[in-house]
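User: Hi! Could you walk me through this structure with a few questions and answers?

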Amino acid sequence: MACPAVLIPGLLRGSAGAICAQAPLLRLTPSTLRYLTLTSVMQSIRKTDHLERTASVIRREIVSAAKVCAAASESPSVKSLCLLVADQDFSFKAGQWVDFFIPGVSVVGGFSICSSPRLLEQERMIELAVKYTNHPPALWIHNKCTLDSEVAVRVGGEFFFDPQPTDASRNLVLIAGGVGINPLLSILRHSADLHRQRANKGSGYKIGTVKLFYSAKNTSELLFKKNILDLVNEFPEKIACSLHVTKQTTQISAELKPYITEGRITEKEIRDHISKETLFYICGPPPMTDFFSKQLENSHVPKEHICFEKWW
């Protein structure tokens, strides 16, 4: 049976920032649709609301139904979700985020995808990691979300790494602060997939080296550290990481110690990786993002080689 569709006007922006005449098509199961139509026209109620902050950012047209298929605590303050998205028209580029529509919640969330596009292609799943805050979507995820909860998602964002097979080889430097790791983990995982494809098939995009700089308050707040170290160990000549902690009060485990630096990521560490073949991706709190993007510009890195996104 074909699913009904509903139009959500006023939420899709074109490349010039003007509202497109065509409204996005929402493909949902009937049960999800009954709830979501109650909040079909979302209005910003906070100055830091996701829809207001990203009003001029390009979005995909399609809003797709999703079902929670797994959840876990990634740290004392961050919960991860795995969503099953059956809609074959749903796709994303490594680094992008989703508008996150929750039945009965009048505020739309905005969360970066931390999984790779390959996981979606193979298993129709995406992963998110959401920090606890008083923002209604985050509260719902931490306090009310259960297995099989139904939501809806729509892809957006201009912060991504999506090289084509014939593009010039590039090195990547990824600079993350706190939950700003999410889109950069997606890019890191995508980079690993590109390495595997090249090794297995001898074709596809030839990626250079990838260096991740990742800062958090302490080691318990370094999200996905096992996943990150697994990739470092799988590709020791291609992927490296430097994990920074700023307020560590407990002993650092022997496994992590070789990768840990106490103190913030420094300008010199980043400057040592500048080359004409290197792209820089930065995501973290606005002061951190502003600082490193400005320092790179001052070091004569072309603006088109500096990509940044701020989380709030």
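This is a predicted model: local features need pLDDT of at least 70, side-chain atom pairs count only at pLDDT 80 or more; totals for chains, interfaces and linings use all residues.

User: In β12, which residue is the bridge partner of Leu 243?

Analyst: Residues are numbered from 1 along each chain as its sequence is written, and side-chain values use heavy atoms, leaving out hydrogens and water. Strands β11 and β12 (residues 260–262) pair in the parallel sense over three bridges; strands are DSSP runs of E with at least two residues, helices are runs of H or I with at least four, and both are numbered from the N terminus. Pairing requires that DSSP finds at least two bridges between the strands, and in β12 the partner of Leu 243 is Ile 260.

User: Which residue of β11 stands opposite Leu 212?

Analyst: Strand β10 (residues 210–216) runs parallel to β11, and seven bridges join them. The chain passes from β10 through helix α6 (residues 225–234) to β11 in a right-handed β-α-β crossover, meaning that with the strands pointing away from the viewer, the path from the first strand over the helix to the second runs clockwise. Opposite Leu 212 stands Cys 241.

User: How many residues of strand β11 are buried?

Analyst: Buried means under 20% relative accessible area, with exposed over 50% and partly exposed in between (1.4 Å probe, protein chains only). Strand β11 covers residues 239–245 and is mostly covered, the buried count being six of its seven residues.

User: Where does the second largest pocket lie?

Analyst: On a 1 Å grid over the protein atoms alone, a pocket is an open set of points with protein on both sides within 12 Å along at least five of seven lines, a cavity is a set where a 1.4 Å probe fits but cannot get out, and lining residues have an atom within 4 Å of a point. Of the 20 lining residues of this pocket, Gly 178, Ser 215, Ala 216, Arg 264 and Pro 285 lie nearest its centre. Domain 1 (59–156) and domain 2 (171–310), with bounds from an automatic or database domain assignment, both give residues to the lining, so the pocket lies between domain 1 and domain 2.

User: Which element gives the most to the lining of the second largest pocket?

Analyst: Two or more lining residues come from each of β10 and α8 (286–298). With three residues, the element that gives the most is α8.
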